[in-house]
Amino acid sequence: MIGVGVIGYGYWGPNLVRNFVEAPQARVIAVADLRSESLAQIGGRYPTIKTTTDYRSLLSDAEIDLIVVATPVSTHFELAMQALHAGKHVLVEKPLAATVEQGERLLEEAGRCHRLLMVDHTFVYTGAVRKIKEVLDSGELGQLYYYDSVRVNLGLFQRDVNVLWDLAVHDLSILDYVLDVRPCAVSAMGIAHIPGQPKDVAYMTCMFESNLIAHLHVNWLSPVKVRRTLIGGARQMVVYDDLEPSEKVKVYNKGITLNNGEGKYELLVGYRAGDMWAPQLATREALRAEVSHLLDCIAHERPPLTDGQCGLRVVRILEAATQSLCQRGRPVELYW
């Protein structure tokens, strides 16, 4: 039985606590949060879980093997580092850290103390994204042309990060999982409509050495919620709509064919319109699958799917995108 301590019981914390409570391999020992009203909610629902406003008591608790950090991004590094120093395994809510330097130091410390460091990239554990990777790995799409994503809604405004770090991080984690290649440069443009607050609308473009291009549109000011991704290949194309109650992933046998015409400079473009099929997807809650995977990795001393290296790669792209934002979209090179 793996003892779990959760730091932070705000927006995502209750979901984490619920899934760890329901996991047969784990026992939630304690939850820490600065807000007494948040902790009061735990007493009625989980009377056996200890609550405290001092997270340090979780670090010193010998019964706790794993610390879950579900706090604002600006606190991730300090809390995760202290947990690793205390000899605990660590799961950090996305993104891993606020800078590349912080992420690198966390990885170094995790390696030094031989503890597992994992980042909560929940979408990687969805049945839809798992199926997309399966389709891409099969080669059915052919050469990849583009990844185009729209992830917009009205709120939730964050105080310590801009909209890229809040929303684009999801698509970057998906890209990191489903693709075998890394972007070579990133460009981003955005704007803040509330004075003194982070940018709330942004457009990011990731460039690759091949003809592949990825474009991400994120927005906190949309009147509707949209979670739609298009992935185009030479032979087939994928539409992923996370808000669809069923058939979240659809694969289209559509595309173009290029043929040389009779003249020297003529190029004939033909359009191919075939069938659409919607693959069956695993319906297990993504966070439950993630928690089960994490606990299994701890028990068998295996690296998790979304380990610290994965989290660091995403932070590296976000940091470069932030530099590009400050320079009105000038591309920033990425080095791996």
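Where does Pro95 lie? Pro95 sits in the loop between strand E5 (89-93) and H5; helices (H or I, at least four residues) and strands (E, at least two) are DSSP runs, numbered from the N terminus. The peptide bond leading from Lys94 into Pro95 is cis, and its omega is near -15 degrees. Glu247 is not a glycine, yet its phi is positive at about 55 degrees. For context, most residues other than glycine have a negative phi, and most peptide bonds are trans.

A word on the basis of these values. The model is predicted, so local features need pLDDT of at least 70 and side-chain atom pairs count only at pLDDT 80 or more, while totals for chains, interfaces and linings use all residues. Residues are numbered from 1 along each chain as its sequence is written, and side-chain values use heavy atoms, with hydrogens and water left out.

Now for the helix packing. Two packed helices are described by the angle between their axes and the distance between the axes. Here the axes are lines fitted to C-alpha atoms, for helices over the stretch in contact, and angles run from 0 to 180 degrees between N-to-C directions. Helix H5 (residues 100-112) and H9 have axes that come within 9 Å and cross at roughly 170 degrees. That makes H5 roughly antiparallel to H9 (angles under 35 degrees count as roughly parallel, over 145 as roughly antiparallel, 65 to 115 as roughly perpendicular and the rest as oblique). On the H5 side, Val100, Gly103, Glu104 and Leu107 meet Gly308, Gln309, Leu312, Val315, Arg316 and Glu319 in H9, where contact means heavy atoms within 4.5 Å. By class, this contact of H5 with H9 has 4 nonpolar, 3 polar and 3 charged residues. In that scheme Ala, Val, Leu, Ile, Met, Phe, Trp, Tyr, Cys and Pro are nonpolar, Asp, Glu, Lys and Arg are charged, and the others, Gly among them, are polar.

Helix H6 (residues 127-138) packs against helix H7 (residues 163-178) at an angle of about 40 degrees, the axes being 9 Å apart. That makes H6 oblique to H7. Their crossing is right-handed (left-handed if the near helix is turned anticlockwise from the far one by less than a right angle, right-handed if clockwise). H6 brings Val129, Arg130, Ile132, Lys133, Leu136 and Asp137 to the contact, and H7 brings Ile174, Tyr177 and Val178.

For helix H1 (residues 13-22) and helix H8 (residues 286-300), the axes come within 9 Å and cross at roughly 55 degrees. H1 is therefore oblique to H8, and the crossing is right-handed. Asn15, Leu16, Asn19, Phe20 and Glu22 in H1 meet Leu287, Arg288, Val291, Leu294 and Leu295 in H8. Those residues of H1 and H8 divide into 6 nonpolar, 2 polar and 2 charged.

On a 1 Å grid over the protein atoms alone, a cavity is a set of points where a 1.4 Å probe fits but cannot get out, and a pocket is an open set with protein on both sides within 12 Å along at least five of seven lines; lining residues have an atom within 4 Å of a point. Grid points are joined across faces, edges and corners, and a volume is the space filled by probe spheres set on the points. The structure has 1 cavity of 30 Å³ or more, and the largest cavity holds about 80 Å³. Among its lining residues are Leu172, Phe208, Arg313 and Trp336. H7 gives the largest share of that lining, 3 residues. The second largest pocket holds about 280 Å³ and is lined by 15 residues, with Ala128, Lys248, Leu281, Ala282 and Thr283 nearest its centre.
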